[in-house]
Amino acid sequence: AQATATLRKVGIGTPVPTLVTGALAYLVALLAALVVIVSAVLAVLTADTGASTDPTGGAAPATDDAGFAGIIGLLGIPFQLVALASFGSYDAELQMGFLGSLSLSWRGLPLLITAAMTVFAFLAARTAQRRWSSNGPLGALLWSGLSGLGVALVALLVTRLTAFSIEDPANGLSLSMHAAGADMFFGTWTLITLPLLLGHLAGMRKPDWWPLVADLAAAPRLVLVHALAFAVPVGLLALAAGTIVQIVDGEGRSVLGALLALPLWGPTALALLPGLGMLVVPVRASVRGDVGDLGLGSGITPQSGTQSLWFVDLPWYVWLPMVLIALLVPLLIALLWHRDREIPAGNVIAQVTSWAALPLAYTFCSLVLLALVHVRMDAEMGFLGAMGVSMSLAAWMPVVAFFLGLAVEVIARFGAPFVDRFVPGPLVNWFRRSARARRAESAAPAAPVGEDGRSWTTSSAAPRTGDGRNQG
């Protein structure tokens, strides 16, 4: 009992909520993987390819061992997709006897799975911290790291055991396909640990010095709101316009397949839109290697092997509303950032962080976006040579993001105060709701602090006061 009290004094409480949350986040990722699989299967079933309906292609029946391995491989597809969504690479190696070998590698995140896992981990950890947890920052860091490590170890083991592997010793053929590796291990560890840690920190009672750096924590949320406020309407408009055009051209069946496969490609397309339209950087596609002899280099710039897709290369009915929304949304976001914002006067740290928060947040989130939307395929084809194909947003996007964040900050300081009074409270008050609750709580009589130090780790709901308008 004394040891438990000592640990709680330094912020180390029970690990159970954090460990359970990490395991549940992995299960949620598996459920999201099943959604992706079902959507892909439905899209394939609706596609009219004219191919044979025989799934074996007329091949000879597989042996019992090969059939069992195939069943294991099929059952393991959700685990492989979760590994791929954790920055893993799906590698396939085919040994063809005297003909040599063929290896393929695919790297690209199914973002629906990645988002489901990380968002659930963050929200569940925040809820657990507020209701049951007795952990402080040190305990949150310790148990979040251990939970992520445990999930990563289990994921690595299951992903490798469910690899799709078939061998035919008589003909010297073997095929192995899986996404297990060091990249998915560390990716899973990170994608479980960080949301858990941030969720715990978000659910804790903030210290007295928190207003000095509160903008640093609020800025990434504003960037996320900005990206969604731009990408969602643009994506819906583009989807609707593309659907109408395809139906008019008599391609209604392909539209149905694309809509059914939306969980597979939709989140990635949605993630590309903020970079393509909001930050006005191109999507770059490059081909490298021995592609000339294979006829795959058509349309690629000979000097660089790279093509750039700018927003103006899209149909006019897509890029025109994209430009209008891109110009309008920063003004609305600046109002959201200005409403009920309080910067402690006369404090150098508060002044510096208030100016640096948005540029740094936009830059950091653009780097995250670069990592999320990067897609790459590599192939080693024996005597035919090697090739690689990749697609990503331009690497200089963080520079543009920095100045966009600075522009939003300037508009919020010098433009938003003139129109803030005309903006209805329900449209913008929700963004700093927790900050108002903390200020109302701090204005109330302070509650006694127990010896276990739980005043830092628990958060109580406070009544909301006023309409949240900035009186300054």
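**Notebook: salt bridges and a buried leucine**

I looked up Arg341 and Glu409 and found their side chains joined in a salt bridge, 2.9 Å from N to O. A salt bridge here is a side-chain nitrogen of Lys or Arg within 4 Å of a carboxyl oxygen of Asp or Glu. Arg341 sits in the loop between α11 and α12 and Glu409 in helix α13 (residues 397-414), so the pair ties together parts 68 residues apart in sequence. Helices are DSSP runs (H or I, at least four residues), numbered from the N terminus. Both Arg341 and Glu409 are buried. Buried means under 20% relative accessible area, exposed over 50%, partly exposed in between (1.4 Å probe, protein chains only).

I noted the ground rules: this is a predicted model, where local features need pLDDT of at least 70, side-chain atom pairs count only at pLDDT 80 or more, and totals for chains, interfaces and linings use all residues. Residues are numbered from 1 along each chain as its sequence is written, and side-chain values use heavy atoms, with hydrogens and water left out.

I counted salt bridges next: the structure holds seven. Arg339 pairs with Asp420, with the closest N and O atoms 2.8 Å apart. These two are 81 residues apart. Arg339 is buried at 1%, and Asp420 at 5%.

I then checked Asp378 and Arg376, whose salt bridge spans 2.9 Å, N to O. Asp378 is partly exposed at 24%, and Arg376 at 35%.

Last, I turned to Leu222 in helix α8 (residues 210-248). Leu222 is buried, at 0% relative accessibility. Beyond its neighbours within four places in sequence, Leu222 has contacts including Trp337 and Phe431. Contact means heavy atoms within 4.5 Å.
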